[in-house]
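Subject: Structure for you to look at

Hi,

Here is the structure I promised to pass on. Have a look at it first, and then read my notes below.

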Amino acid sequence: MNCLSPSILSADFSRLGEQIRELDEAGAQYVHIDVMDGMFVPSISFGMPVIRSIRDCSDRIFDVHLMIEEPVRYIADFVEAGADLITVHAESCRHLDRTIDAIKEKGILAGVAVNPATPLEAITYILPKVDMVLIMTVNPGFGGQQLIPYTVQKIRDVKKLIDKKGLKTDIEVDGGIDLENVTEVLDAGANIIVAGSAVFGGDITENVSCFLNIMNEG
Ligand code: DX5
Ligand code: ZN
């Protein structure tokens, strides 16, 4: 099934709770939560207290994307704050296998992310242990960037790899996805779509339903 995961990085933070309820009512299945530390990526976003305070606004899957150095240090805190799925970057973990184990031991879903220029070899061996792979289609750090065209081939390649191993791993894509290019990434093999500016720019309910209509065609 194809799912939409709106990124709240582009939300109006003065009305965050209200906007999360709107996403939920419009039918978005996930809430994408971008945590940035100013080290792994240039910007700083928000952390545990914000997640904890929005947890009651929706029962949808809280999809926490950790763009932080050595995320293994904070797995327990993010689980306690309300994460249902935690994704860590292959590039930010000295011991990726141990970090994935730490997430799974908490009984939640685990994802592994790769930056645009990181080869898929970095995640080949960990694939059978994760529930989701996140293919970054922009360099992480900011919302509102343009999708990097070569990453579409990477989605096809990871899909091939997953099929070859006989796995059912979800493929999430993140960065620069809009109503114009969503079909291309779905056709390439993605099934969880992150969209920030394309959902929060304008009417949220209408944007979510446009995405869901395209995603559920055919
Ligand atoms: C980028 C973040 C994304 C971002 C997506 O570092 O991981 O989730 O918020 O925003 P758009 O859809 O505007 O590129
Ligand atoms: Zn993200």
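**What I found**

Setting aside neighbours within four places in sequence, K165 is in contact with T124 and L127. Keep in mind that this is a predicted model. K165 sits in the loop that runs between helix 5 (151-164) and strand 7. It is partly exposed, with a relative accessible area of 38%. L127 is 38 residues away from K165 along the chain, and their C-alpha atoms are separated by 8.9 Å.

Once neighbours within four places in sequence are left out, L161 is in contact with T124 and L127. Is L161 buried or exposed? Its relative accessibility is 16%, so it counts as buried; the cut-off for that is under 20%.

For reference, the ideal angles for six octahedral donors are 90 or 180 degrees.

**Helix 1 and what sits around it**

In helix 1 (residues 16-26), the buried residues are L16, G17, Q19, I20, L23 and A26. An α-helix has 3.6 residues a turn, so residues three or four places apart point the same way. That is handy when you look at the buried set, with L16, Q19, I20, L23 and A26 among them. The cover over the buried residues of helix 1 includes strand 1 (3-6), helix 2 (48-54), helix 7 and helix 8 (204-215). Just after the helix, G27 has a positive phi of about 105°.

I8 comes in the loop between strand 1 and helix 1. With a relative accessible area of 0%, I8 is buried. What does I8 touch, not counting residues up to four places away in sequence? The list is F13, L16, I20, L23, V31, H32, I33, F46, I54 and F200.

D24 is 16 residues from I8 along the chain, with 12 Å between the C-alpha atoms. L161 is 153 residues from I8 in sequence, and there the C-alpha to C-alpha distance is 30 Å.

**Pocket and cavity**

The largest pocket holds about 310 Å³ of space. It is lined by 27 residues, and those closest to its centre are G143, G144, G175, G176 and G196. Strand 2 (30-36), strand 8 (192-195) and helix 7 (197-200) each give at least two residues to the lining. By class, that lining has 12 nonpolar, 12 polar and three charged residues.

How many cavities of 30 Å³ or more are there? The count comes to one, and the largest cavity has a volume of about 30 Å³. Y30, L85, L109, D131, M132, D170 and I192 line it. Five of the lining residues are nonpolar, none polar and two charged.

**Two loop residues**

E70 is in the loop between strand 3 and helix 3 (75-81). Its phi is near 45°, a positive value in a residue other than glycine. E70 counts as partly exposed, at 22% relative accessibility.

D203 lies in the loop between helix 7 and helix 8 and is partly exposed, with a relative accessible area of 42%. L4 is 199 residues from D203 along the chain, and their C-alpha atoms are separated by 16 Å.

Cheers

Note on methods. Residues are numbered from 1 along each chain as its sequence is written. Chains are lettered from A and ligands numbered from 1 in the order in which they are written. This is a predicted model: local features need pLDDT of at least 70, side-chain atom pairs count only at pLDDT 80 or more; totals for chains, interfaces and linings use all residues. Side-chain values use heavy atoms; hydrogens and water are left out. On a 1 Å grid over the protein atoms alone, a cavity is a set of points where a 1.4 Å probe fits but cannot get out, and a pocket is an open set with protein on both sides within 12 Å along at least five of seven lines; lining residues have an atom within 4 Å of a point. Grid points are joined across faces, edges and corners, and a volume is the space filled by probe spheres set on the points. Ala, Val, Leu, Ile, Met, Phe, Trp, Tyr, Cys and Pro count as nonpolar, Asp, Glu, Lys and Arg as charged, and the others, Gly among them, as polar. Helices (H or I, at least four residues) and strands (E, at least two) are DSSP runs, numbered from the N terminus. Buried means under 20% relative accessible area, exposed over 50%, partly exposed in between (1.4 Å probe, protein chains only). Contact means heavy atoms within 4.5 Å.
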